[in-house]
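Dear colleague,

I am handing over the structure to you with this message. Please look through it first; my findings follow below it.

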Amino acid sequence: ATTATTATASDTNDGETANASSTGADAEDIAQALSIQNTRLREAIIRLREQSSYEKMELIKQLRTAEKEAELTSSLKEETAKYLKNDKIQKQEINELKEMVDQGSAFEQMVEDLSDRVLAVEDNNIALQGTIRELEEGGELSAEIEEAQADEIKALMKDLQNRDTVVLNLEEAIKMQRKRELDFQRTVGNYRQSIDTLQHEKNSLLALHQGDEDKKKDALLSSQKALAQAAQSVIHATKARKREANATFNLIDAKVKSHLAERLENFLPRSVASEEISAVKGELLLSKIAMKASLSLNSVSDIFQKIIQEGQTVIESITSSGKGTIQGQSQEVVIEKISMSSNVSQQINTMIHQTKFTQLAIETSSECLRLLSISQWPDLLSSHSSVEFSIALSHAIPPVDSAISEQLLKLKEEGVLSPHRSNLNILQQTLRDALSSVNGAVDGDGNPLIPSGWNPPSLYVLTYISSVKF
């Protein structure tokens, strides 16, 4: 639609005015949609706060119930001790009665009475032993219930903290959304001013160069290019807003899935699945670092490709202007010496810094893949060694994740990694410390967890190819 409008701009000026008005109307619709989305976010925050307060009251009720059950358990233990004491006394009475039976055979009637009493006491003893066993089982069951309730209370408190974090994140998202709305309004105003300026320039060029056909065509082409650039800028801004909206929904989905994983983890019995859960968490952390390194390499690759295209354009302009000539392969390349400004020198330093970052990111990703292969390779680690290996990863790898995340965040926010704002020594040192800690980990017998010099097949080839690419 924009190309058709610019094509008919050379005939009439009414088409350009209609195009500008339609662009303004679209911008106002988008701003209205953003304000509606802002209102929905506020309502969602209010509902989350109400739900959090309700769940907090439920947790307090459950805590009081658990305390009452704990008091009941203590009373049961006291009764058990009392029954045990009665059992000992009755056993002593049985022994005394047996001695009395042995002393005199003339007391047959007494013996019969005592025998009946002994039988009754033994029956009572058996009943008391059954009661004791039931009380012991009840005590063990109450202890297990207390542990389960303590775990549930911890999980619920953690869930509350996560919900508070979600509320804070949503508030930050609302602030960012308001800032984007203001930026968008300013951008729309700038676009309108640019369109008006270009329209005036076009009219003046048409009036000044009406007699000269060649100059008139050049003016029309320049105005069309300017309008096309303005339309392209509007398209880029629209795509950027769409990407931000998709990123917002992806963030919400990721948080929901994270809460779901935590709830499913709480349903699993700790005594059975704790080792497997720790192993899976370690593997997921390694995969997370590898994915961040891959995203960083993709971003730097896009930057390099753009710089190469710009360099080719500069070389073509130099050769076409006669400042230099590029001859055959067997001859030398003759280029006139070009003075280098401070800006160009800074760009070269930035490119060198980004190249160093790519090599460090490739090393980080390859080491994570190696450690991930070690944890999943068949018959390489025993179940006990795998658990100890996961514990070593959980202590050593998080600083590497934090360092690579900081570099990726700067790369995404600023569009480039500047040597003045990006410190690669932190990432390099954390990677060295983590590898030293993991490779030096030993099991309970003092043997190393990781076999010395073990690498998965073809990892070196993949690392070398990636390194050569950059």
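The protein chain exposes about 31,800 Å², and carbon and sulfur atoms supply 55% of that area. Please bear in mind that this is a predicted model. Of the 470 residues in the protein chain, 28% count as buried.

The protein chain contains 10 helices and two strands. Read from the N terminus, its elements follow the order α-α-α-α-α-β-β-α-α-α-α-α. Among the contacts in the protein chain with a separation of 6 or more, 77% are between residues 24 or more positions apart.

Ile397 touches Leu285, Leu286, Ile289, Leu371 and Ala434, when residues up to four places away in sequence are not counted. Gln407 is found in helix α8, which spans residues 398–414. With a relative accessible area of 2%, Gln407 is under the 20% limit and is therefore buried. Leaving aside neighbours within four places in sequence, Gln407 is in contact with Phe357, Leu417, Ser422, Asn423, Leu424 and Leu427.

The surface also deserves attention. Tyr460, Val461, Tyr464, Ile465 and Val468 form a nonpolar patch there, with about 580 Å² of accessible area together. Val461 belongs to helix α10 (residues 459–469). Its relative accessible area is 46%, between the limits of 20% and 50%, so Val461 counts as partly exposed. Tyr460 and Tyr464, by contrast, are both exposed.

How are the rings of Tyr460 and Tyr464 arranged? A search of the whole structure finds two aromatic pairs. In the pair of Tyr460 and Tyr464, the ring centres are 6.3 Å apart and the planes stand at 20°; since this angle is under 30 degrees, the pair is stacked. Both residues lie in helix α10, four residues apart, which is about one turn of the helix.

Yours sincerely,
A colleague

Notes. Residues numbered from 1 in each chain as written. Predicted model: local features only at pLDDT ≥ 70, side-chain atom pairs only at ≥ 80, totals over all residues. Heavy atoms only, no water. Buried < 20%, exposed > 50% of the residue type's maximum accessible area, 1.4 Å probe, protein only. Contact = heavy atoms within 4.5 Å. Patch = residues over 30% accessible without salt bridge, like charges linked within 9 Å, V, L, I, M, F, W, Y side chains within 5 Å. Areas by Shrake-Rupley, 256 points an atom, 1.4 Å probe, with all protein chains shown as cover. Salt bridge = Lys/Arg side-chain N within 4 Å of Asp/Glu carboxyl O. Phe/Tyr/Trp six-rings, centres within 6.5 Å; stacked < 30°, edge-to-face > 60°.
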